[in-house]
Amino acid sequence: MGAGPELDFRSCLFLSCWLGEGTAGLRSSWVLLEEKRNGLGKTERGGLSEEKDTRWKMLSSGVCTSTVQLPGKVVVVTGANTGIGKETAKELARRGARVYLACRDVQKAELVAREIQMMTGNQQVLVRKLDLADTKSIRAFAKRFLEEEKHLHILINNAGVMMCPYSKTADGFEMHIGVNHLGHFLLTHLLLEKLKESAPSRVVNVSSLAHHLGRIHFHNLQGEKFYQSGLAYCHSKLANILFTQELARRLKASGSGVTVYSLHPGTVSSELVRHSALMRWIWWLFSFLIKTPHQGAQTSLYCALTEGLEALSGSHFRGAAALGLLCYVQAFSSCGK
Ligand SMILES: NC(=O)c1ccc[n+]([C@@H]2O[C@H](COP(=O)([O-])OP(=O)(O)OC[C@H]3O[C@@H](n4cnc5c(N)ncnc54)[C@H](OP(=O)(O)O)[C@@H]3O)[C@@H](O)[C@H]2O)c1
């Protein structure tokens with residue numbers, strides 16, 4: 001295994017991928033600026049509306065306009081103690097759902113639960129221990145959840161790690177594929193019967209634009225032959241999308257009322273860049289293009305809440321648009337493995 005220097009050719013590709021996203025944000029900023037100049041104000045794009053704000057970085061983001069309320073609904077959000085997951089959980093709590101914050105750091109999550117309870121007035125925000133880097137923890141979480149809840153209506157597989165130094169999960173999986181994909185894969189599998197019993201229900205997988213650089217190297221799934229932290233993230237995010245497509249196909253075929261979506265949240269200011277000084281610096285440099293976690297949560301909320309999305313089960317969302325993933329047909333054909 002060789003961990004290459006941080007800024008090699010593939011790292012540059014990875015960075016240009018993120019900057020491409022920033023440029024896309026800039027382009028939509030300009031579109032909106034034009035619309036604002038022409039007095040058009042708020043614009044609707046497939047259920048996501050552009051958020052009116054005077055700050056540049058805000059101009060590129062859509063807002064989930066669904067008015068769906070969630071009293072009596074049960075939701076699980078992984079990695080909900082910070083970043084996009086926290087904002088997603090907050091909005092779902094605001095809409096009246098019983099929200100489980102599935103987090104590895106219980107103390108941090110308890111503080112967030114209290115904050116959400118105070119902000120939303122919803123006391124049904126509960127913390128449960130979930131370490132996606134340990135299948136024992138995932139099984140323990142699922143066991144307890146299945147014992148205490150009759151229903152699960154929305155599962156948001158949000159937790160993620162990016163650009164970690166080479167390390168393995170408790171079960172010996174490379175950390176990115178282990179946490180970002182395999183951990184959520186197992187969690188979803190363990191909760192699937194509950195989701196089916198609670199249908200119509202949804203699984204939302206938070207992927208990334210970085211999937212474009214991902215490849216499923218079956219001969220090197222654990223990164224033991226070669227490893228590059230940026231690309232390991234990309235591979236795991238591609239796995240999220242392939243998992244979404246295949247699960248949606250199987251659920252559709254079985255006639256269950258469970259639908260599945262994947263998404264790219266945009267480039268969002270969060271703790272995701274904690275393992276890379278370079279990425280932190282780039283985030284800082286381009287901070288005027290980067291979304292807030294609240295803005296970053298909008299696509300997850302859109303996939304979780306918007307009515308009439310069922311026919312698009314298996315699709316990948318970025319902002320408002322479902323992307324056709326025809327270019328992944330080849331990779332997809334091997335994802336049943
Ligand atoms: N930020 C972006 O620009 C961006 C872009 C594309 C996609 N995404 C995706 O969006 C999702 C949320 O990321 P974020 O930006 O909000 O990052 P973040 O602020 O770093 O949040 C990640 C969350 O995942 C949790 N987590 C990490 N490892 C875990 C484990 N082993 N078990 C359980 N939870 C674990 C973290 O918990 P701790 O607090 O305990 O570490 C944290 O709550 C990720 O899937 C990421 O890949 C983000």
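Modeller: First a term: a polar contact is a pair of N or O atoms within 3.5 Å; within protein, one must be able to donate a hydrogen and the other to accept it, and residues adjacent in sequence count only if both atoms are side-chain atoms. An N or O atom in the side chain of Tyr233 is 2.6 Å from an oxygen atom of the ligand. Backbone N or O atoms also take part: that of Ile84 lies 2.9 Å from a ligand oxygen, and that of Leu272 lies 3.1 Å from a ligand oxygen. The protein buries 99% of the 890 Å² that the ligand exposes when taken alone (Shrake-Rupley method, 1.4 Å probe; for residues, only the protein chains shown count as cover).

This is a predicted model: local features need pLDDT of at least 70, side-chain atom pairs count only at pLDDT 80 or more, and totals for chains, interfaces and linings use all residues. Residues are numbered from 1 along each chain as its sequence is written, and side-chain values use heavy atoms, with hydrogens and water left out.

Now the shell. There are 33 residues around the ligand, and Asn81, Arg104, Asn158, Tyr233 and Ser270 come nearest (a residue is near if one of its heavy atoms lies within 4 Å). Helices α2 (83–94) and α6 (229–253) each supply at least two shell residues. Helices (H or I, at least four residues) and strands (E, at least two) are DSSP runs, numbered from the N terminus.

Elsewhere, the whole structure has seven aromatic pairs (Phe, Tyr and Trp rings, the last by its six-membered ring, with centres within 6.5 Å; planes under 30 degrees apart are stacked, over 60 edge-to-face, the rest tilted). Tyr100 and Phe145 form an edge-to-face pair, because their ring centres are 5.0 Å apart and their planes stand at 80°. Tyr100 lies in strand β5 (residues 98–103) and Phe145 in helix α4 (residues 135–148), so the pair ties together parts 45 residues apart in sequence.

Two backbone details remain. A cis peptide bond joins Ala199 and Pro200, with omega about 5°. Pro200 is in the loop between α5 (175–197) and β8 (201–206). Met163 has a positive phi, near 55°, in a residue other than glycine.
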